[in-house]
Amino acid sequence: MPHETGQLLDQAAESTLIELACRGCCDSFGVLVRAYQERLYNFLLRRCGNVHHAEEAAQATFVRAWEKLDQFDPRWRFSTWLYTIAIRVTADIERRGRMAGRLIRLSAAPTVQECDPAEDASRRDQWHSVWDLADRLLGPDDRAALWLRYGEDAPIDQIAEVLGRTNGAVRVLLHRARTRLADAWMERNTTDDEDQTRGKGTVATNAATPS
Amino acid sequence: MTKMHNRDAPFEQVLRDAAHRDRRAPPPGLAFRIMSQVCVQQKSRPSVRGTSGRWYRAAFAASVAIAATIAAAILLDGFSLTLPSNQMPPIIAFNDAERDVAAPGPMAMFASLHAAPEELSGALRHVMNREVNLLLEGMWREPQRMIAHLPLQGRLDHDSESGH
């Protein structure tokens, strides 16, 4: 049963594939992997803030899902169940990373103060997206919730199930994360505008100055 | 809440647009690596999926529990056999003529065993081991003779006579 990466499955096909995979059909599970790998990878990318950890977590999540597939409750969405496993897997990876003392050095982006001005300028150019800013600014759960809400259009109750929180707690978390991010985004844009104006002004001054 | 929603609405759209734009493709070969791992697991544990997996786990847990109970009983010497005083274990119930041939020492011990079960257990195990060894040795050397004198037939006759 061929299936392209990232192409969404309809509910009936998904249920059939899960049932077949439960009986040990590797190919059916392969179709599920190809259908969900992109969504899961992007979710993990936001949750981990690190390409290597996201890749490792995606692999571990699918393998764990395969192991626990007989425990899957069909009343759940498969994606919700998968993201719930992913959250646990990332928690394990972070715990291992903390124990090894490597996680912070590997995953945390350097702060502006730690960079020299030239690096700082190029790095600021790289933070072209509001999601890159979120990676710097917000915690893992905030980023995961925001991504599920705006990247996946997930309803609040699904996000609550994935994160193991109440609906109210998720609403509060989303509101705070969004406000914080919006403030930083506005501030950054204002700074950029000022820089551009100053740059134009300098160019104009240089042009006006006789050589 | 509505006010907050309205105020946040433009930024929500920014987030949605950026999420759509920033979506990345998974690393090449990710699905292959996952499926390699999955297939290896399936080969090493072919029956651990679905219902059969549950039975497999239940059977495994039960066998571990039984093995642990037996081991604990043997280690703690709490595994005592109680035998009626007038009934000998069938495997060693030779008649008097065979007693000298097969196992004079252990049979004498059995004949004199009227001790309490807790005293019996250690001695019984010791004797049983020796008797089984002797019986096997006898079966190896003179199988016809040994089989002819096994107490099975006599016990069956006795049981049928007594109505069991």
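How many salt bridges are counted between chain B and chain A? The count is four. Before we look at them, keep in mind that this is a predicted model.

**Where the two chains meet**

Let's start with the contact itself. Chain A brings 44 residues to it, and chain B brings 31 residues. The size of an interface is often given as the accessible area lost when the parts come together. Here, about 3,400 Å² is buried between chain B and chain A, and carbon and sulfur atoms give 60% of that area.

**Charged partners across the chains**

Side chains of opposite charge can pair when their charged atoms come close. Two of the pairs between the chains are set out here.

| Residue in chain B | Residue in chain A | N to O distance |
|---|---|---|
| B:Arg23 | A:Glu152 | 3.8 Å |
| B:Arg33 | A:Glu55 | 2.3 Å |

In the pair of B:Arg33 and A:Glu55, the closest N and O atoms are 2.3 Å apart. Over all chains, the structure holds 15 salt bridges.

Polar contacts can be counted as well: there are 10 residue pairs of this kind between chain B and chain A, with both residues at pLDDT 80 or more. On the side of chain B that touches chain A, the elements giving two or more residues are α1 (2–22), α2 (30–44) and α3 (50–75) of chain B. The largest share, 11 residues, comes from α1(B). Sorted by type, the residues on this side of chain B are 15 nonpolar, 12 charged and four polar.

**A pair of helices inside chain A**

Now for a look within chain A. How do helix α7 (residues 130–137) and helix α8 (residues 140–151) of chain A pack, and at what angle? Their axes are 10 Å apart and the angle is about 155°. Angles over 145 degrees count as roughly antiparallel, and α7(A) and α8(A) are therefore roughly antiparallel to each other.

Which residues make this contact? From α7(A) come A:Trp131, A:Ala134 and A:Asp135, and from α8(A) come A:Arg143, A:Leu146, A:Trp147 and A:Tyr150. By type, the residues of this contact are five nonpolar and two charged, with no polar ones.

Technical notes. Residues are numbered from 1 along each chain as its sequence is written. Chains are lettered from A and ligands numbered from 1 in the order in which they are written. This is a predicted model: local features need pLDDT of at least 70, side-chain atom pairs count only at pLDDT 80 or more; totals for chains, interfaces and linings use all residues. Side-chain values use heavy atoms; hydrogens and water are left out. Contact means heavy atoms within 4.5 Å. Buried area is the accessible area (1.4 Å probe) that two parts lose on being put together, summed over both. A salt bridge is a side-chain nitrogen of Lys or Arg within 4 Å of a carboxyl oxygen of Asp or Glu. A polar contact is a pair of N or O atoms within 3.5 Å; within protein, one must be able to donate a hydrogen and the other to accept it, and residues adjacent in sequence count only if both atoms are side-chain atoms. Helices (H or I, at least four residues) and strands (E, at least two) are DSSP runs, numbered from the N terminus. Ala, Val, Leu, Ile, Met, Phe, Trp, Tyr, Cys and Pro count as nonpolar, Asp, Glu, Lys and Arg as charged, and the others, Gly among them, as polar. Axes are lines fitted to C-alpha atoms, for helices over the stretch in contact, and angles run from 0 to 180 degrees between N-to-C directions. Angles under 35 degrees count as roughly parallel, over 145 as roughly antiparallel, 65 to 115 as roughly perpendicular and the rest as oblique.
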